[in-house]
Amino acid sequence: MRRHLAIATLALLAGAPATFAQQALPADVPSVSDSKVDTDTFSRTLVSANRFEIDSSRLAEAKGVAADVREFADLMVKDHARAGQDFKAALEKSQTTASVAPEGPPLLPKDQAMLDQLKALDGDAFQAKYIMLQTEAHKQAVALFSTYARSGDDPALKEFAKKTLETLKMHEKRLKDVAAAH
């Protein structure tokens, strides 16, 4: 009996760091595990992230960034506008009852905070922050889309995630080139 109690206590303690780490996340940041992302989380996160990509890239176009950064920003506006249309089409075919419209609610607080950071900057400081935030946003997007493409529970949205993932990976590669040039 004592041996079973010791093993059970050890098992509980082994899981404690993961439990505390999950609790440390702000409430507005969805957790993307290695194994599963639910459809509602995927949809809400995708709509906000997609809008951040478009809004921040339009801001980059207006802020007078280097030519290669502007080309990347133009690509972001074009590709993420198309992703929004593709998501809308996938939602129409989907089996989900998620209450997310393709136009979406206001940005999630995390995305709004990043956009606000960019609005406060100009010149080289803006450009550096834009490249850094785009790199982080695409890293998170690739993780989200990869996870949902593997384990999503809505076939139409899962197919959308698989299709869009290739574009997101291409964006990551372009970002590495842009970052290396600056």
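This is a predicted model: local features need pLDDT of at least 70, side-chain atom pairs count only at pLDDT 80 or more; totals for chains, interfaces and linings use all residues.
Residues are numbered from 1 along each chain as its sequence is written, and side-chain values use heavy atoms, leaving out hydrogens and water.

View 1. Following the sequence, you will read the pattern α-α-α-α-α-α. Helices (H or I, at least four residues) and strands (E, at least two) are DSSP runs, numbered from the N terminus. Of the 182 residues, 38% are buried (under 20% relative accessible area, 1.4 Å probe, protein chains only). The chain exposes about 10,400 Å², with carbon and sulfur atoms supplying 58% of that area (Shrake-Rupley method, 1.4 Å probe). Take the contacts (heavy atoms within 4.5 Å) between residues at least 6 apart in sequence: 78% of them join residues at least 24 apart.

**View 2. Helix H2 packs with helix H5.** H2 spans residues 39-62 and H5 residues 123-151; their axes lie 11 Å apart, at an angle of about 155°. Axes are lines fitted to C-alpha atoms, for helices over the stretch in contact, and angles run from 0 to 180 degrees between N-to-C directions. The two helices are therefore roughly antiparallel (an angle over 145 degrees). On the H2 side, look for residues including Phe42, Leu46, Phe52 and Leu59, and on the H5 side for residues including Phe126, Tyr130, Leu133 and Phe145. By class, this contact has 12 nonpolar, 6 polar and 1 charged residues (Ala, Val, Leu, Ile, Met, Phe, Trp, Tyr, Cys and Pro are nonpolar; Asp, Glu, Lys and Arg charged; the others, Gly among them, polar).

**View 3. Helix H2 meets helix H4.** H4 covers residues 109-119, and its axis comes within 10 Å of the H2 axis, crossing at roughly 5°. H2 and H4 are therefore roughly parallel (under 35 degrees). Ser48, Ala49, Phe52, Asp55, Ser56 and Leu59 of H2 touch Asp111, Met114, Leu115, Leu118 and Lys119 of H4. This contact has 6 nonpolar, 2 polar and 3 charged residues.

View 4. Beyond its neighbours within four places in sequence, Ala73 contacts Ser57, Ala60, Glu61 and Tyr130. Glu61 is 12 residues from Ala73 in sequence, and their C-alpha atoms are 6.6 Å apart.

Definitions and conventions. Angles under 35 degrees count as roughly parallel, over 145 as roughly antiparallel, 65 to 115 as roughly perpendicular and the rest as oblique. Buried means under 20% relative accessible area, exposed over 50%, partly exposed in between (1.4 Å probe, protein chains only).
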